[in-house]
Amino acid sequence: MNTNTWTESHHKPNLPFFRSGTVAEATRGAGRAHANLPVWSARWRWLTAPTLADLGFALRNTLAAELSLLIAMWMELDSPQWAPLTVWVVATASRGESLSKARWRLVGTGIGCVAGVSLIAAFPQQEGLFFVGLALWIGLCCGGATFFDGYRGYALLVASFTSAIVAAGAIEQPDSVFDIAMARGTYIVLGIVCESVLAILFLPGARAAARLRLPARLRALADRVAAGINPTSGRFDVEAESHLLSDLVATNVRVEFDVLEMGGGQGRAADHARAALANLLAAMAHARGGAPAATCAGDLAAARQHISAILAPPRRDRFRFASRSPRHAVEALHNGIRATFGILSAWLVWTVTAWPAGPTFVSFVALVYGLLATREVPALASAGFYHGAALCAGVAGLCVFLVIPAVTAPECLALVLLVPMVVGGLAARSPRLVNQAFAFNMFLPVLIGPSNTGRLDEASFLNTTLAFLAAVLFVRFTFGTVLPFRADSHLRRTAAWVERRLRAVGRANSRVGEHQWLMANADSMVRAMRTSQGIPRQEILTYMDHHLQAMVQGLWLIEQRKALTPPDTHATPMR
């Protein structure tokens with residue numbers, strides 16, 4: 001995923017002050033009681049009986065969002081609603097993931113502000129050239145984001161919609177573009193700081209817990225691999241292999257976040273963790289290929305050595321383990337073309353209709369593209385996103401028409417927003433509602449539009465809300481019609497990619513190492529499994545078996561090539 005999840009990950013944190021025997025027993029008892037509840041009650045369990053971890057997540061981020069809003073209003077910033085939006089964007093269940101996302105969001109914001117100012121400066125009076133340049137830039141960012149893992153790709157997406165927000169806000173007043181860029185950057189920094197401060201207060205023992213969590217997760221995976229290898233047949237069950245590969249890939253994605261959460265002084269923990277995962281993959285491949293038991297045992301022993309190096313970092317450890325982000329060229333091309341077409345089409349809609357809220361519409365289109373472009377199935381994500389956006393518009397309308405006229409101070413507004421934000425935070429912890437909650441949490445303060453200098457009138461609210469809903473519908477339509485994602489086509493492309501890579505590995509001049517081959521194939525296979533909606537189960541199992549066999553054949557070819565190649569020209573070793 002490319003994993004561009006907003007939180008994009010649904011792992012639930014272990015809050016230190018929520019771990020007591022009494023609470024654990026109560027949680028298990030509640031889980032047994034829930035098993036006998038009606039279906040409708042189970043669907044609303046996230047709201048009626050949230051876990052303490054979920055409630056802590058919702059409260060922490062709600063307080064951070066409201067704190068950022070109050071500070072922005074105290075500073076008399078012109079658009080304080082962008083600060084709480086940033087809080088919800090960077091909020092994740094994992095502290096390390098939040099740190100990574102915030103860091104790359106800052107990078108993307110800086111690039112986007114520079115790009116927005118540059119576009120306005122280059123085409124101050126040429127509207128057509130300006131929007132062509134903006135569309136090409138956003139298409140380049142959305143396409144390029146597909147080539148990076150973690151939140152590195154997210155930085156490009158932030159750059160894309162930040163440039164659109166800055167530039168669209170300065171279309172009618174180009175001389176103010178620098179001030180607008182600085183203001184947007186201020187809101188984002190404020191939101192990130194507030195989220196970080198509240199996370200430190202709510203998660204005081206996160207660092208110590210993270211230092212134990214990563215080795216424990218790796219040891220559990222090593223035990224599962226060791227238990228799954230059958231000394232007699234040397235094979236796994238196909239479905240068991242796929243589940244184990246999925247967990248290995250997910251752990252590999254989270255290595256960066258775990259190490260960030262662990263803090264400094266960890267030596268080469270990330271390199272050792274990735275090396276341990278590569279050795280576990282090698283053990284699985286060797287077992288499936290019928291290698292001697294001693295070979296599999298050696299892979300497992302090497303993995304456990306790397307895990308021990310994380311727990312007790314060696315002095316002057318210079319171990320390095322090279323890794324490479326997976327490349328999805330077809331998806332990148334589709335994302336780039338779709339985003340470029342979308343921005344140009346949004347500009348055309350504005351030009352033809354002469355809509356006064358046209359710049360707002362274009363900004364929202366760019367923002368939603370940036371949020372959804374690299375999801376594995378954007379069309380499915382956009383459906384849930386629209387439902388959350390519609391609910392957000394309804395709640396914001398109630399606030400604007402009934403509540404805001406009676407509010408006399410920013411603190412009162414914070415109290416009004418407390419309940420809907422907490423509910424949205426709880427929904428964000430439910431995998432079934434994550435897309436809806438993401439739209440609701442982010443855009444509720446934006447549609448309400450709090451300000452120190454005046455109240456949002458009905459006409460402004462309706463225009464902004466209409467532009468927002470129209471943008472979400474527009475993006476959803478383009479995802480479904482412009483180069484739409486097809487699971488069967490993706491599966492065929494993946495199978496063809498494996499065949500091409502297998503032939504390339506067999507060449508004498510290939511430089512692909514074992515870990516690169518295994519991890520790239522595992523990531524590709526797991527991604528294909530996650531996006532295989534609507535494909536018959538037997539067809540999926542057949543594909544999985546062929547892919548696993550190709551992984552074994554590639555590993556065998558690499559080992560044969562290494563045996564015939566002088567040692568100084570070998571590819572990077574696994575361990």
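## Overall fold

Of the contacts in the protein that link residues at least 6 apart in sequence, 80% are between residues at least 24 apart. The model described here is a predicted one, and its secondary structure consists of 22 helices and zero strands.

Across the 575 residues of the protein, 53% are buried, while the accessible surface amounts to about 24,900 Å², with 63% of that area belonging to carbon and sulfur atoms.

## Cysteines

A disulfide is a covalent bond between the sulfur atoms of two cysteines. The structure holds zero disulfides.

## Helix H20

Helix H20 covers residues 487-505, and its 19 residues, at 1.5 Å a residue, should span 27 Å, which agrees with the 27 Å that separates its end C-alpha atoms.

Which residues of H20 are buried? They are Ala 487, His 490, Leu 491, Thr 494, Val 498, Leu 502 and Val 505. Because these residues cover an arc of only 110 degrees around the axis, they lie on the same side of H20. An α-helix has 3.6 residues a turn, so residues three or four places apart point the same way. On the other side of H20, Arg 492 and Arg 503 are exposed.

Note on methods
Residues numbered from 1 in each chain as written. Predicted model: local features only at pLDDT ≥ 70, side-chain atom pairs only at ≥ 80, totals over all residues. Heavy atoms only, no water. Helix = DSSP H or I, 4+ residues; strand = E, 2+ residues; numbered from the N terminus. Buried < 20%, exposed > 50% of the residue type's maximum accessible area, 1.4 Å probe, protein only. Contact = heavy atoms within 4.5 Å. Areas by Shrake-Rupley, 256 points an atom, 1.4 Å probe, with all protein chains shown as cover. Disulfide = S-S within 2.5 Å. Expected span 1.5 Å × (residues − 1). Arc of directions from axis to C-beta.
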